[in-house]
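Have your viewer open and your selection tool ready. We will go from stop to stop, and at each one you will hear what to select and what to look for.

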Amino acid sequence: MTLERRSLELQDRTRTYLVYRPNDDVERQRDLLLFFHGSLQSANVIRRFTNGTFDDLATRHGMLAVYPTGVEQHFNDARATLPVAARELGIDDVAFTRAILDELRAEQEISRVFLCGFSNGGQMVIRLLFDAPGLADAACVFASTLGAGANHAPTNPDSAYQPTPVMFVHGTGDRLAPYTGGTAGIDPKRTRGAVTGAQENAARFAELNHAAGPERTHLFPDTVVDRWEPADATGAPVELVSVEGMGHVIPSGNELDPRLGKNTDSFIAAELVEEFFGL
């Protein structure tokens, strides 16, 4: 494999991203996975945070795995309340995403585009679903939900959304992005405003995706999956993977900071993503 640190110029600023490329030396059409890191993380940190499991997924399927880095460790996401430099500086991370894709498409034929994001990066995926409709073939959001009420503030109206398969993975013990909704953030002084609960969030995306349900499956003793199926040919599925007691983490088989809360060893998140994306 090769790991390239790349940069581009946008808004009079140098932006960086990592590209993980499987070492198969075959020039061919490839799928591409974009993974957006969480608050106070970076491209390298999210690769470690997920224990290399999304690099492994890319290797298994000959995909490109691309890890953008936010400005001062944050992306300018879809919430109205976001007290970070990326918002204060008016950073256009939708344009950054499109610029990454344009660069890579100029070098190689890209087939499908998949999005993943954790926490603030999950909120960035939500922004892209509304503000870049049709960009993604499917998406997975870890530990993030829609802003509640006026805190849901993408640039486009909800009517611009295009049905896209989307999976949410959320722990019921998440204190930073509360599973039942409420105020999200690291502490009361750095709040990210009100967010919807995980069930309400998934139901709203099911509505946008013209999907009916849910049907519940007990996947593991601590894990249930609620799935909404498309009601017609214009729709797309939605899944909510709820993990009892899990905190603000991505199940990846590694040890994480205990301050983030409990993890689970029932599954590896990348493997659920692999199945949901139909890889």
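Start by colouring the strands: ten of them form an open sheet in the order E1-E2-E4-E3-E5-E6-E7-E12-E11-E10, with mixed pairing. Strands (E, at least two residues) and helices (H or I, at least four) are DSSP runs numbered from the N terminus, and two strands pair if DSSP finds at least two bridges between them. Strand E1 (2–10) and strand E10 (211–220) stand at the edges with a single partner strand each, so one side of each has no neighbour in the sheet. From one strand to the next, the twist averages 20°.

A word on what you are looking at: this is a predicted model, in which local features need pLDDT of at least 70 and side-chain atom pairs count only at pLDDT 80 or more, while totals for chains, interfaces and linings use all residues. Residues are numbered from 1 along each chain as its sequence is written, and side-chain values use heavy atoms, leaving out hydrogens and water.

**Stop 1: strands in the sheet**

Select strand E2 (residues 13–21) and strand E4 (residues 64–68), which pair in the antiparallel sense over four bridges. Val19 has Val66 in E4 as its bridge partner.

Now move to strand E3 (residues 30–36), which runs parallel to E5 and is joined to it by six bridges. Here Leu32 stands opposite Val113 in E5. Is strand E5 (residues 110–118) mostly covered or uncovered? E5 is mostly covered, with seven of its nine residues buried. Buried means under 20% relative accessible area, exposed means over 50%, and partly exposed lies in between (1.4 Å probe, protein chains only).

E5 also pairs with strand E6 (residues 138–142), in the parallel sense and over five bridges. Show Phe114 to find its bridge partner in E6, Ala138.

**Stop 2: helix H5**

Why is H5 largely enclosed by the rest of the structure? Because twelve of its twelve residues are buried; among them are Asn120, Met124 and Phe130.

Together, E5, H5 and E6 make a right-handed β-α-β unit. Right-handed means that, with the strands pointing away from you, the path from the first strand over the helix to the second runs clockwise.

**Stop 3: the nonpolar cores**

A nonpolar core is a set of buried Ala, Val, Leu, Ile, Met, Phe, Trp, Tyr and Cys residues joined through side-chain atoms within 4.5 Å. In the largest one, with 45 residues, Leu32, Leu34, Val66, Leu115 and Phe205 touch the most other members. A second, separate core of 35 residues includes Tyr67, Phe118, Ala138 and Val169.

Zoom in on Leu32: beyond its neighbours within four places in sequence, its contacts (heavy atoms within 4.5 Å) include Met63, Val66, Leu101 and Val113.

**Stop 4**

Select Asp55 in helix H2 (residues 53–61). With 5% relative accessibility, Asp55 counts as buried. Leaving aside neighbours within four places in sequence, Asp55 is in contact with Tyr20, Arg47, Ala65 and Tyr67.

Finish at Asp93 in helix H4 (residues 93–107). Asp93 counts as buried at 2% relative accessibility. Not counting residues up to four places away in sequence, Asp93 touches Arg15, His74, Phe75, Asn76 and Met124.

Conventions: Axes fitted to C-alpha atoms, helices over the stretch in contact; angles between N-to-C directions.
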